[in-house]
Amino acid sequence: TQHITGTMSVLGPGIVHSLMFHRQGGDNEGFAKRAIESLLKKLKEKREELDSLITAVTTNGLHPSKCVTIQRTLDGRLQVAGRKGFPHVIYARLWRWPDLHKNELKHVTFCQFAFDLKYDSVCVNPYHYERVASSSTRLQLSILYDIMTNIPSTAAVVCHCSVVSILSMFVCLFVCLFLQPPAGSPRRSQGHSTTALPRIYNQCPSTPVPTLSNCLLFQNFSNFKIAVLLKMSHFKENCFWGSICYFELDVQVGEMFQVQSSCAVVTMDGCVDPSGGDRLCLGQLSNVHRTSSSHRARLHVGRGVQLESRGDGDVWMRCLSDHALFVQSWYLDREAGRAPGDGVHKIHPGAYVKVFDLRQCHRQMQQQATAVVGAIPGSGSVGGIAPAGVCSSADVGADDLRRLCIVRLSFVKGWGSDNPRQSIKDTPCWLEVHLHRALRLLDQVLHQTTSTPRPPLVGRF
């Protein structure tokens, strides 16, 4: 036991760094690191389970792995960084599905300590669980499938004008006219940049989406049904353009707020309306550990701030508050001629400024991704795990690339090198905005850059 603990103390930071590289970006970086450190601490005397965790995460579940267990708590929930949640959901969000809800997981048949089995130990191996559709999604798919399976198979039957054929025609028209862009139509873009953005989802090449003509004639019917389901899956994945987390000092308060793609403009203010939609009201969020400085700052949030998604994914910010906002934005850093991540920009009341440019972000991803891949630990590292500073030589890491896709802003109080508050985590109340379109592009860039599979980072103790 003493040998294992000593080895963990040496390789622990390297393991944390490697596991952080594979996280999906749903939770903020601080919470993810605390969650990983908490899990490693619980596994420090379970050598085989630790190896199983590292194998599962670093190979994306391609290699079989055993259960990774922790002790079940009295209420079944795990507390990490002041937040409580079901342990298997926390780690499934961390490494597989960042937008996962707690009622969407089902354990695989070979998992011996699944959460639902109610044993004293709980398996948190993210690849021992499968994501299932929620009840509302299953109902929608069921209704659509019922309609599709009753569509007449030939155009000759359409002339009977039955209710089913009329419904099927409307389904075809809707999919072809509204969900599928017309052939040859150019993508909408703004500005003078000619950089082409890649598609952020893939369609199955063997199942082409049918055109309007063959929908009306009900040709290639089997492929059409598959295409409809692919489209529904695509829209489910891309129905949010951003996620917003609210913090007081270094503590996240409340749940992550998802901004729907149908809401181009979202407002964050100091009011108390809990309905959500296109508005996040910070006044209705409670925090039992709230400090006096956070309480005072919240009094001055007022009408807050608006974020607007424009064009292909650019983001503009409008300060509605009577007090200035302080923003961390790599786009504004570049415009000001400063090093990325080096500046804090003051946005005055009434100002309307651009804080994120998707094309510029995409170019920076491509330029830096090679450095990240080159710094990934290989066969020369101890046990396949590099030390925590592995990316320092390339001066960039996976988390640096993720920061390209994030905008941070604080209310009332700023921070910086010439400020008593050195970090945004020292400010009384602030927001972190994750931009989904950029994160999907980053995922695609990393997949394209990594031409060879990485060996599993399994430590040898």
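These legends accompany close-up views of one predicted model. Local features are described where pLDDT is at least 70, side-chain atom pairs count only at pLDDT 80 or more, and totals for chains, interfaces and linings use all residues. Residues are numbered from 1 along each chain as its sequence is written, and side-chain values use heavy atoms, with hydrogens and water left out.

**View 1. F86 and F115 form an edge-to-face aromatic pair.** Rings of Phe, Tyr and Trp (its six-membered ring) pair if their centres lie within 6.5 Å; planes under 30 degrees apart count as stacked, over 60 as edge-to-face and the rest as tilted. The count by this rule is five aromatic pairs. In the pair shown here, F86 and F115 are 5.2 Å apart centre to centre, with 65° between the planes. F86 lies in the loop between β3 (83-85) and α4 (87-95), and F115 in the loop between β4 (105-107) and β5 (121-123), so the pair ties together parts that are 29 residues apart in sequence. Helices (H or I, at least four residues) and strands (E, at least two) are DSSP runs, numbered from the N terminus. F86 is partly exposed at 24% relative accessible area, while F115 is buried at 10%. Here buried means under 20% relative accessible area, exposed over 50%, and partly exposed in between (1.4 Å probe, protein chains only).

**View 2. Two arginines sit over aromatic rings.** The charged end of R83 is 4.0 Å from the ring centre of F31. R318 lies over the face of Y352, 4.1 Å from the ring centre. A charge sits over a ring if NZ of Lys or CZ of Arg is within 6 Å of the ring centre and within 35 degrees of the ring normal.

**View 3. Helix α3 is largely enclosed by the rest of the structure.** This helix covers residues 47-58 and reaches 17 Å from its first C-alpha to its last, close to the 16 Å expected at 1.5 Å a residue. That expected span is 1.5 Å times one less than the number of residues. Ten of its twelve residues are buried, among them L50, L53, I54 and V57. Just after α3, N60 takes a positive phi of about 55°.

**View 4. K118 and L249 have positive phi values.** Most residues other than glycine have a negative phi. K118, with phi near 65°, lies in the loop between β4 and β5 and is exposed at 61%. L249, with phi near 60°, lies in the loop between β7 (240-248) and β8 (251-252) and is partly exposed at 24%.
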